[in-house]
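Could you take me on a short walk through this structure, one selection at a time? I have it open in my viewer and would like to know where to look.

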Amino acid sequence: MNADDRNVLARARVATRLTAQNLDRARRFYSERLGLEPVDERPGGLLYRCGGADFVLFRSTGASPGTFTQMAWEVDDIEAVVSELRRRGVVFEEVDVPGFRTRDGIAEIEGNYPSKGARG
């Protein structure tokens with residue numbers, strides 16, 4: 001088995017799936033607060049596309065605890081995006097725990113993937 005055979009997923013696109021107990025309410029939030037509209041839908045599921053990547057909201061009877069990041073967007077101007085989302089009613093939490101702190105709702109992550117040149 002060569003390296004390409006072992007890395008079959010390295011060339012694959014990631015497909016994020018997020019649960020929603022109330023799909024209509026989730027659709028309204030993504031539309032009204034985030035400005036996103038589904039590009040396609042099926043019974044029990046909404047397909048969204050952002051920057052060439054897809055994610056799906058699907059109806060589920062279960063619930064994620066929401067205690068961890070499930071999906072994130074990489075943006076060029078995080079302050080401008082946070083400001084616009086706040087204007088639309090999105091609330092950003094302030095966190096101050098060992099190893100993780102936010103300021104004005106934006107986290108500064110020490111050692112944030114140097115290959116991406118990322119911050120926040």
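Here is a tour in a few stops, through a predicted model.

**The sheet.** Begin by selecting the strands of the open four-stranded sheet, which run in the order S1-S4-S3-S2 with mixed pairing. At its edges you will find S1 and S2 (40–42), each pairing on one side only. On average, neighbouring strands here are turned by 20 degrees against each other, direction ignored.

**A strand pair.** Now zoom in on S2 and S3, an antiparallel pair with three bridges. Show Glu41 and you will see Leu46 of S3 standing opposite.

**The helix on the sheet.** Next, bring up H2: this helix packs on the sheet and touches S1, S2, S3 and S4. Its direction makes about 145 degrees with that of S4.

Which residues does Tyr30 contact, leaving aside neighbours within four places in sequence? Look for Leu18, Gly35, Leu36, Tyr48, Phe55, Leu57, Met71 and Trp73.

**A loop residue.** Finally, select Asp104, in the loop between strand S6 (100–103) and strand S7 (106–107). Its phi is near 60 degrees, a positive value in a residue other than glycine. Asp104 is exposed, with a relative accessible area of 51%.

Conventions: Residues numbered from 1 in each chain as written. Predicted model: local features only at pLDDT ≥ 70, side-chain atom pairs only at ≥ 80, totals over all residues. Heavy atoms only, no water. Contact = heavy atoms within 4.5 Å. Pairing = 2+ DSSP bridges. Helix = DSSP H or I, 4+ residues; strand = E, 2+ residues; numbered from the N terminus. Axes fitted to C-alpha atoms, helices over the stretch in contact; angles between N-to-C directions. Buried < 20%, exposed > 50% of the residue type's maximum accessible area, 1.4 Å probe, protein only.
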